[in-house]
Amino acid sequence: MSEGNPIVELAKRRGFFLQSADAYGGVSGFYTFGPEGAALKQNIEDTWRERFTIQEGNMEVDAPTVMPEPVFEASGHLEGFDDMLIECPECGDSHRADHIVEDNTDLEDAESMAIERVEEIVAEYELTCPTCGAGLAGQAIQQFNLMFETNIGPGSSSPGYLRPETAQGIFVEFPQLAEYARNQLPFGVTQIGRAYRNEISPRKSLLRVREFTQAELELFIDPEEDEPDLERVEDVAAPFYPADEQQSDDGEIVEATVGEVFEEGIVADPWIAYYLGIAKRWYESIGVDMDRFRFRQHLPGELAHYAADCWDAEAEVDGDWIELAGFAYRGDYDLSKHAAHSEEEFTVFKQYDEPVTVERPTVDPDMSYLGPEFGGDAAAVADALETLAERDPDAFRDAQADGGAVTVEIDGQAYAVPVEKTGFEIEEVTESGEHITPHVVEPSLGIDRALYTVLDHSYREDEIDGETRRVLELPPEVAPTTVGVFPLMDRDGLADRAREVVDRLRDAGLAVTYDDSGAIGRRYRRQDEVGTPFCVTVDYETLGEGDDSDLEGTVTLRERDTTEQKRVPISDLAETLTELRDGDIEFADL
Ligand code: ATP
């Protein structure tokens, strides 16, 4: 996205976001949110917290951004969190090979192709370097790990990584978090925080950066029992783009409700369906244009190997569909991995309704027989007998029936043990429950992409009094500033009265800006451009209506989108603006 883009230009000029460390030449993929952007981002995060944590009864955590290497060994990021890197032989610039393929051919999903295939395609289509135009045919493509590495403490004995997603900070604390949830499934844990990916070629402004904010929810469920309350979202309508529609020549978007797509099996998992509904409502509430929004199912080749199903929320920005969020059914992959790599239990105890009596096979091998018979291998044979008893007790029963031997295999070698020397028995035990590894459903949203989309979708230009007006039609709930307060003139006590109004509104918790410079029309334009939904003007009528001390009288309240103005008593102003911001009343109702 070039500097000529109106959003990028507006963002820099009015303090939404700017390339960071510009004084030192800047580094791509890092942005500083200016005053307007930081406030907008905070408000977006607050609404996410409200909808995904508080209203859903989930718990929020705040984990470190640096984590030790074993965490990422277990999660698989060390081994496989790679993108395809191709370097230009002429200018030396690095690019993502899969993006070059997707941008310049009609092939899709190059990310899931084998490196050799992508190399062939680069040669076959004579693809060139996006920076200098040199041919890339014959250039080797490498796997490039996206994690930023660091050392924890002096020396290099304790490598750590900046987290590439917030999720692992939740998974590694699962044993403790399950305790906080009183070991009751289902429960959900959320986190809003920074994530870091050393993207090969950051691009499109905030849409692909190296440091960004994620808002993730990990839902821990019992796949056999837990179901969401789908009724709460069943009427939420959205465009859905299932995998089979994407694969068919005349594939279409399905306009349907969450209830319908679940009923028809288009979205198979009820938890995913539920959170698609919650997410649709949230995206709409923060100002994403629902005519430029859809849920797209991952194609089979796109799915991570552990994910049973995954849907992305996508928005159209500058003619491209970009991923805003992923909603994945991850099974027990994450918890099982951490259980296998650590000393901890990543399970919960599931109580049965009634205690159950089960048969448990046990062995008690006669070591005075196994020792002389198998020498150094005796202990391994005993272990193998135990494993076999759990896996296949019939092998022992059959041997008992014909008075024969049980055979175990260790490293390709067979060891036959007479069944009476194995101490095989079936015990009857009464169990009150079992340890299960919960399954995980993960809605994973990016805040920066949401913020950029909201700016892009809310930006419009119109004409007022023959002049172009640039306006951000941000929903009042997320707008950086709720109200601009202006004295009509900077004299005759108008400014003092306006400052008193400002104090009163700030005391009520409203985000207020005061502006007394330039013509009133220009002041309105400045607020329109940063999305301030309301402006208040203190004029001579205000002064004429009451004395200074009790702030009687009325002011002009102007609505950004319609530019309509109404007179409102100062005494009601804070309450009226709060209700307008929270969507409890409409300007037209005043
Ligand atoms: P992409 O395919 O676009 O690289 P991804 O599938 O790797 O994204 P996830 O790992 O699912 O992304 O991350 C969840 C969310 O985090 C994304 O939907 C997106 O909103 C955000 N995100 C991921 N990478 C970036 C990035 N480099 N810059 C900004 N946001 C990002």
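Two residues are in contact here when heavy atoms of each lie within 4.5 Å. The structure is a predicted model, in which local features need pLDDT of at least 70, side-chain atom pairs count only at pLDDT 80 or more, and totals for chains, interfaces and linings use all residues. Residues are numbered from 1 along each chain as its sequence is written, and side-chain values use heavy atoms, with hydrogens and water left out.

Arg-51 is a place to begin. Setting aside residues up to four places away in sequence, Arg-51 touches Glu-56, Ile-278, Trp-282, Ser-285 and Glu-477. Arg-51 belongs to helix 2, residues 35–54; helices (H or I, at least four residues) and strands (E, at least two) are DSSP runs, numbered from the N terminus. Its relative accessibility is 18%, so Arg-51 counts as buried. Buried means under 20% relative accessible area, exposed means over 50%, and partly exposed lies in between, with a 1.4 Å probe and protein chains only. With Glu-477, Arg-51 also makes a side-chain polar contact of 3.3 Å. A polar contact is a pair of N or O atoms within 3.5 Å; within protein, one must be able to donate a hydrogen and the other to accept it, and residues adjacent in sequence count only if both atoms are side-chain atoms.

The aromatic rings come next. Rings of Phe, Tyr and Trp (its six-membered ring) pair if their centres lie within 6.5 Å; planes under 30 degrees apart count as stacked, over 60 as edge-to-face and the rest as tilted. By this rule there are 23 aromatic pairs. One of them, Phe-72 with Tyr-161, is edge-to-face, with 6.0 Å from centre to centre and 80 degrees between the planes. This pair links distant parts of the chain, 89 residues apart: Phe-72 is in helix 3 (residues 69–75) and Tyr-161 in strand 9 (residues 159–162). Both Phe-72 and Tyr-161 are buried.

The pair of Tyr-283 and Phe-293 has ring centres 5.5 Å apart and planes at 45 degrees, so it is tilted. Tyr-283 lies in helix 11 (residues 270–286) and Phe-293 in strand 14 (residues 293–297), so the pair ties together parts that are 10 residues apart in sequence. Tyr-283 counts as buried because its relative accessibility is 0%, and Phe-293 is buried with a relative accessible area of 2%. Tyr-283 and Phe-293 are also members of a cluster linked by ring pairs, which includes Trp-48, Phe-52 and Trp-282.

Charged side chains also meet rings. A charge sits over a ring if NZ of Lys or CZ of Arg is within 6 Å of the ring centre and within 35 degrees of the ring normal. Arg-294 lies over the face of Trp-321, 4.1 Å from the ring centre. Lys-566 is placed over the face of Phe-587, at 5.0 Å from the ring centre.

The model also holds a ligand, surrounded by 14 residues, of which the closest are Glu-199, Arg-208, Val-209, Glu-323 and Leu-324. A residue is near a molecule or strand if one of its heavy atoms lies within 4 Å of it. A polar side-chain atom of Glu-199 is 2.8 Å from a nitrogen atom of the ligand. Oxygen atoms of the ligand lie 2.9 Å from an N or O atom in the side chain of Arg-197 and 2.6 Å from one in the side chain of Glu-323. Taken alone, the ligand exposes 590 Å², and the protein buries 83% of that; accessible areas come from the Shrake-Rupley method with a 1.4 Å probe, and for residues only the protein chains shown count as cover. Strand 11 (211–221), strand 16 (320–331) and strand 21 (439–446) are the elements that give two or more residues to the shell around the ligand. Strand 16 gives the largest share, 3 residues.

Pro-186 sits in the loop between helix 8 (174–180) and strand 10 (187–196), and the peptide bond from Leu-185 to Pro-186 is cis, with omega near -5 degrees. Arg-182 is placed in the loop between helix 8 and strand 10. Its phi is near 55 degrees, a positive value in a residue other than glycine, and Arg-182 counts as exposed at 64% relative accessibility.
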